[in-house]
Amino acid sequence: ISLDNIDTKQRLTEIFDGFKDLTSGIIVLMGNFTSKPYGDNPKDLERYVKLFSQLADMIDMHPRLRDNIMWILVPGPEDPF
């Protein structure tokens, strides 16, 4: 998923809303997490921090998912982690 894509964020919100009543399970999000590859530019790290903070805020808006679901983030080949 590209976290820097507004359509992706809207779709994630829809998915999280649809799963809001889950009390157990696993959600797997797979990268690449941005549409631009991570490079040596210091701004790349700032971009990742901002995007993952936004993702955390989206998850935080769904307390049951936040508290009861296991989250697995799988980096893509162009992600740094």
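Helices here are DSSP runs of H or I with at least four residues, strands are runs of E with at least two, and both are numbered from the N terminus; the expected span is 1.5 Å times one less than the number of residues. This is a predicted model, in which local features need pLDDT of at least 70 and side-chain atom pairs count only at pLDDT 80 or more, while totals for chains, interfaces and linings use all residues. Residues are numbered from 1 along each chain as its sequence is written, and side-chain values use heavy atoms, with hydrogens and water left out.

Asp 44, Arg 47, Tyr 48, Leu 51, Leu 55, Met 58 and Ile 59 of H2 are buried (under 20% relative accessible area, with exposed being over 50% and partly exposed in between; 1.4 Å probe, protein chains only). Seen down the axis of H2, its buried residues fall within an arc of 110°, so they line one face of the helix; the arc is that of the directions from the helix axis to the C-beta atoms. Pro 42, Lys 43, Glu 46 and Lys 50, on the other side of H2, are exposed.

The partners of the buried residues of H2 are helix H1 (6-18), strand E1 (26-30), helix H3 (63-68) and strand E2 (70-74), against which they pack. Phe 16 is in contact (heavy atoms within 4.5 Å) with Leu 55, Met 58 and Ile 59, among others, leaving aside its neighbours within four places in sequence.
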